[in-house]
Every structure is written in C-alpha cells, then in structure tokens.
Amino acid sequence: MKSTALSETHIALGAKMVPFAGYNMPVSYEGVNIEHETVRNAVGIFDVSHMGEFLIEGPKALDLIQKVTSNDATKLTVGKAQYSCLPNETGGIVDDLIVYRIKEETYLLVVNASNIEKDWNHISKYNDAIGAVMKDISEDYSLLAIQGPKAVEAMRSLSSVDLSEIKFYNFVVGDFAGIEHVIISATGYTGSGGFEIYCKNSEVKQVWDKVLEAGADFGIKPIGLAARDTLRLEMGYCLYGNDIDDTTSPFEAGLGWVTKFTKDFVNSEALAKQKEEGAKRKLVAFQLEERGIPRKDYAILDNDGNEIGVVTSGTMSPSLSKGIGLGYVTVENAKVDNTVFIQIRKSQVPATLVKLPFYKV
C-alpha cells in the first residue's frame with residue numbers, strides 16, 4: 001500500500017487510516033459530522049495527494065486532449081480549468097477528470113487515484129498516432145484541498161496573490177505558504193468554496209503546517225475522506241466507481257453538459273446517437289421521507305414493488321439530517337417529485353426524487 005507524503009502527519013494527528021485506491025488515507029479525525037460541519041461553516045483542509053496528475057505537452061497536446069476527452073478543450077485559455085470525462089469505446093466512462101491549461105502547449109490532467117494506470121494506458125493508446133509528450137507526475141506531486149466559506153479570508157496571509165480574485169474553475173501559479181510556483185486552483189469537491197493546492201511532495205509538509213497555522217483563528221481542522229464523501233454527495237457530485245464507471249454513459253449520468261459534439265472524440269458517433277434517441281436510464285437524486293440510510297447497491301422500487309433501479313451512493317446527510325442518495329432508474333420513473341421506495345433490509349422506505357443539489361447555500 002502506498003502512502004502520501006503526509007501519512008505520518010495524519011497518524012500523529014490521531015487520524016483513523018484506511019486503505020483507499022491503493023493508498024493509506026485518513027478517513028476521519030474527530031468524526032464525519034464534526035468535520036462535515038467544519039467545511040460547511042468555516043474551513044477545512046484535506047490531503048488528497050492520492051489523485052493522479054499527467055502532463056500533456058507540445059504542439060500536439062491539444063489534439064490528444066480533444067481526442068480523448070468529451071468536453072471542448074479549445075475553450076480553455078491559460079489559467080482556466082475544465083471538468084470533463086474520458087469516454088470509452090463502448091458507451092461508458094473511463095474516468096472523470098479536470099483539465100488545466102498551464103501554458104500555451106502544456107496541460108495538466110488530474111484523474112482519480114484508482115484509475116491512474118487505466119487512464120494512462122487509455123490515453124497512451126490514442127497518443128500513438130498523435131504524438132504529444134506525456135508525463136505521469138502522480139508520484140512527485142501532492143494535492144491539498146482547502147475548503148469552506150472562510151477559505152479565502154483564512155489563507156489571505158499566505159500568498160501575494162489576491163485569492164478573492166480567482167474565479168471558480170480558474171487558477172494561478174504563484175507563491176503560497178512560502179513556496180514559489182504553486183498551483184492555486186479555485187476548484188473543489190465540496191460545494192462550499194475554497195482552493196486546491198498542487199505542490200511537490202518535498203514542499204507539502206510546509207504548506208500543510210502553514211495552512212493550519214494561518215487558519216487557526218478561523219476554526220480550521222483537518223478533514224478525512226468520510227466527510228469528503230458526505231460533502232460531495234450533498235452537492236450531487238459523481239464519484240467514479242459508484243455513480244459513473246465503464247458501463248455508464250455521460251447522458252445517463254447527467255454529464256451531457258461536458259459532452260460536446262463540436263469535435264470528433266472517442267466514441268462520439270455512438271454518443272451522439274444516444275443523445276438523439278435518449279438514454280434508457282437516468283441518474284437521479286432522492287431524499288428519504290422516513291428514517292433510514294440508503295447504501296450503494298440497494299434496490300429502488302416503484303409503487304407496486306417492482307425494481308426500477310439501484311442506489312449508487314447514499315448517506316445520512318449531516319446538513320439535512322435525512323437519508324439522501326443517487327441512483328439509476330428507468331427514464332419513465334425519473335421525474336422530479338416522483339415517489340420511489342428504497343429497499344433497506346426488509347423495509348421499503350419511501351423517497352422523493354429531488355433536484356440537485358441537496359444542500360443549497
């Protein structure tokens with residue numbers, strides 16, 4: 001099992017460590033509810049250095065990215081980031097990712113930890129005919145997420161960059177916590193604002209320590225992966241391996257907005273046909289109307305007890321104090337305000353389909 005550069009730091013802080021995507025990661029420190037509320041109301045720091053980073057460079061870099069991703073990367077100028085996905089050849093998704101344009105001919109792809117090797121092999125396969133320069137820098141770089149409504153104020157003293165000026169899905173390369181040339185990105189997976197900081201492994205301990213020091217007066221706390229999951233689920237953000245995978249299409253998953261047919265990309269013809277004909281199932285959000293916690297793989301039923309779908313993600317929402325979840329159901333059962341039932345052990349618990357996000361600021 002791999003460790004991040006901060007694993008010993010987490011252990012010293014009393015974190016509960018678990019294996020995740022091949023890494024020894026902190027799942028919680030004080031408890032999921034406390035950590036969740038810290039991010040919603042103040043500011044928290046996550047170590048998400050297990051994520052993968054690929055550099056795509058050279059005059060053919062954009063050609064490769066346009067071929068393997070579903071979104072239109074020609075819209076990216078230097079300093080902008082874009083959410084996208086890697087379609088496979090059979091209608092599913094290899095991974096979801098963020099594409100950063102670092103320089104005119106340099107792009108950074110940030111991919112899920114569990115998919116680093118799979119993504120690299122998939123992109124490389126198409127690069128054979130294109131010839132961009134590819135570098136896997138995942139082992140050399142760390143990633144910290146500083147998230148919450150007080151993030152800008154709490155971190156202001158750590159950079160000469162005006163953090164309040166960085167718009168959502170934009171980034172700057174600047175100084176942070178005494179380190180030069182750090183990527184400061186106004187992205188995140190919580191819906192509560194903040195930044196993601198990319199730096200070298202040798203620099204991350206200094207950044208972590210200074211962030212906790214600067215954020216002390218603002219109530220900052222280290223946050224584990226359990227709260228990361230409840231935070232992202234309240235926003236309805238997809239988790240690869242749960243809500244999207246090699247068998248789910250972008251249109252089934254509600255990711256049509258990152259699937260642009262202004263270009264030719266992997267499996268674009270078949271996906272265009274699916275867009276025209278309509279998907280047969282759809283990812284929906286639901287809220288339980290009675291006590292219970294929905295979990296992955298629980299059946300979703302209609303009024304007559306017929307199985308119409310399956311839960312892909314579920315939890316007890318710390319913000320709403322209700323069971324919430326995502327799942328795929330047949331299109332005819334996917335209307336907002338529809339009543340469905342979640343099979344929780346021997347009980348069929350009523351749930352209402354709702355619009356995302358669950359948590360509204």
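In which segment does Pro357 lie? Pro357 is found in the segment after β20 (347–354), where strands (E, at least two residues) and helices (H or I, at least four) are DSSP runs numbered from the N terminus. The peptide bond that leads from Leu356 to Pro357 is cis, with omega near 0 degrees. Most peptide bonds are trans, and most residues other than glycine have a negative phi.

This is a predicted model, in which local features need pLDDT of at least 70 and side-chain atom pairs count only at pLDDT 80 or more, while totals for chains, interfaces and linings use all residues. Residues are numbered from 1 along each chain as its sequence is written, and side-chain values use heavy atoms, with hydrogens and water left out.

Two residues other than glycine have a positive phi: His181, with a value near 55 degrees, and Ser321, also near 55 degrees. Ser321 sits in the loop between β17 (307–317) and β18 (322–330), and with a relative accessibility of 58% Ser321 counts as exposed (exposed means over 50% relative accessible area, buried under 20%, and partly exposed in between, with a 1.4 Å probe and protein chains only). His181, in contrast, is placed in strand β12, and His181 is exposed with a relative accessible area of 67%.

At least two lining residues come from each of β5 (52–57), β7 (93–103), β8 (106–111), β12 (179–185) and β13 (194–200). By class, the lining has 9 nonpolar, 2 polar and 6 charged residues, where Asp, Glu, Lys and Arg count as charged, Ala, Val, Leu, Ile, Met, Phe, Trp, Tyr, Cys and Pro as nonpolar, and the others, Gly among them, as polar.

Within α6, Glu203, Val204, Val207, Trp208, Val211 and Ala214 are buried. They cover an arc of only 140 degrees around the axis, so they are on the same side of α6, the arc being that of the directions from the helix axis to the C-beta atoms. The exposed residues Ser202 and Glu213 are carried by the face turned away from that buried side.
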